[in-house]
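The tour goes from one selection to the next.

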Amino acid sequence: MWAFLRRLFRRPSTDSLVGLDPQRTRLIVGLGNPGPEYADTRHNLGFRCVEELARRNAAAWQDKTNSWNSLIAVIHPNADDPKITVVLAKPQTYMNRSGGAVKALLEFLGLEQNKCLIVYDDMDLPFGTLRLRQRGSAGTHNGMRSIVSSLQSDEVPRLRIGISQASPGEATSHVLSEFAPDERAAVDELVARASDAAMAWAIEGPEMAMNRYNSSVKA
């Protein structure tokens, strides 16, 4: 009797991650460092990409740092064909320890690694270049190194956003520097284009997205 009454009056779960179908769910993780002092730095382009996707879809961020060390937003990008749900994530672990958060989210959502896209800045690409790949080495990026180490695999889709090479010995100061005022319009356009590429990967598939967005710097 009491069990029936508890079920009858129990509030429905407000957690938008509960009950998602792994076959119809995609995870897009933007890498960055938490805190206002890092918000406008080159190293936070991954954060800015997922923030742009949340803004376009009027999605609120949920604080899931106690569960998965991340801020989470859930979007349904195609209202006419709601087959795909996209979970957006911003790990709050700082860049060098992003792997634990990604692994925890994949395990909770029951997703294969090929359903998770990592978005991050890359010094090894010219500014404005996008490179979408389904697998590959972590390169020199510490956030991606952490993810590959945590998952024990480099079979992880990634979208690299070019920020240009640093001067010798100045890699850290370069990635943690803010964009100059005369660069900001170009950065806004780059973030918008990266957001388009990430959404194309989730909705249209990797091949279509790579064919469309793996190009040289936009003229």
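The stops below begin with the whole chain and then move to single residues.

**The whole chain**

Start with everything selected. This is a predicted model, with 8 helices and 7 strands. Of its 219 residues, 47% count as buried. The accessible surface comes to about 11,300 Å², and carbon and sulfur atoms account for 49% of that area. Among contacts between residues at least 6 apart in sequence, 71% join residues at least 24 apart.

**Colour by confidence**

Next, colour the chain by pLDDT. The average is 87, and 85% of the residues score at least 70.

**Tyr38 and Tyr94**

The protein has 3 aromatic pairs. For one of them, select Tyr38 and Tyr94. Their ring centres are 6.2 Å apart and their planes meet at 80°, so this pair is edge-to-face; the cut-off for that label is over 60 degrees. The two residues are 56 apart in the chain: Tyr38 is in the loop between β1 (25–30) and α2 (45–56), and Tyr94 is in the loop between β4 (85–91) and α4 (98–109). Tyr38 is partly exposed, at 22% relative accessibility. Tyr94 also counts as partly exposed, at 38%.

Stay on Tyr94 and check its backbone. Its phi is near 75°, a positive value in a residue other than glycine. Most residues other than glycine have a negative phi.

**Trp68 and Phe108**

Select Trp68 and Phe108 for another aromatic pair. This one is tilted, with 4.6 Å from centre to centre and 50° between the planes. Trp68 lies in helix α3 (residues 65–68) and Phe108 in helix α4, so the pair ties together parts 40 residues apart in sequence.

**Lys90 and two rings**

Now select Lys90 together with Phe47 and Trp61. The charged end of Lys90 sits over the ring of Phe47, 5.5 Å from the ring centre. The charged end of Lys90 also sits over the ring of Trp61, 4.7 Å from that centre.

**Ala58**

Go to the loop between α2 and β2 (62–64), where you will find Ala58. Ala58 has a positive phi of about 50°, although it is not a glycine. At 73% relative accessibility, Ala58 counts as exposed; the cut-off for that word is over 50%.

**Helix α7**

For the last stop, select residues 184–204, which form helix α7. How far does α7 reach from its first C-alpha to its last? The answer is 29 Å for 21 residues, close to the 30 Å expected at 1.5 Å a residue. Then show the side chains and look for the buried residues of α7, among them Val187, Leu190, Val191, Ala194, Ala198 and Trp201. An α-helix has 3.6 residues a turn, so residues three or four places apart point the same way. Arg193 and Ser195 are also among the buried residues of this helix. Finish just after α7 at Gly205, which takes a positive phi of about 105°.

Key
Residues are numbered from 1 along each chain as its sequence is written. Side-chain values use heavy atoms; hydrogens and water are left out. Helices (H or I, at least four residues) and strands (E, at least two) are DSSP runs, numbered from the N terminus. Buried means under 20% relative accessible area, exposed over 50%, partly exposed in between (1.4 Å probe, protein chains only). Contact means heavy atoms within 4.5 Å. Accessible areas come from the Shrake-Rupley method with a 1.4 Å probe; for residues, only the protein chains shown count as cover. Rings of Phe, Tyr and Trp (its six-membered ring) pair if their centres lie within 6.5 Å; planes under 30 degrees apart count as stacked, over 60 as edge-to-face and the rest as tilted. A charge sits over a ring if NZ of Lys or CZ of Arg is within 6 Å of the ring centre and within 35 degrees of the ring normal. The expected span of a helix is 1.5 Å times one less than its number of residues. pLDDT is the predictor's confidence in each residue, from 0 to 100.
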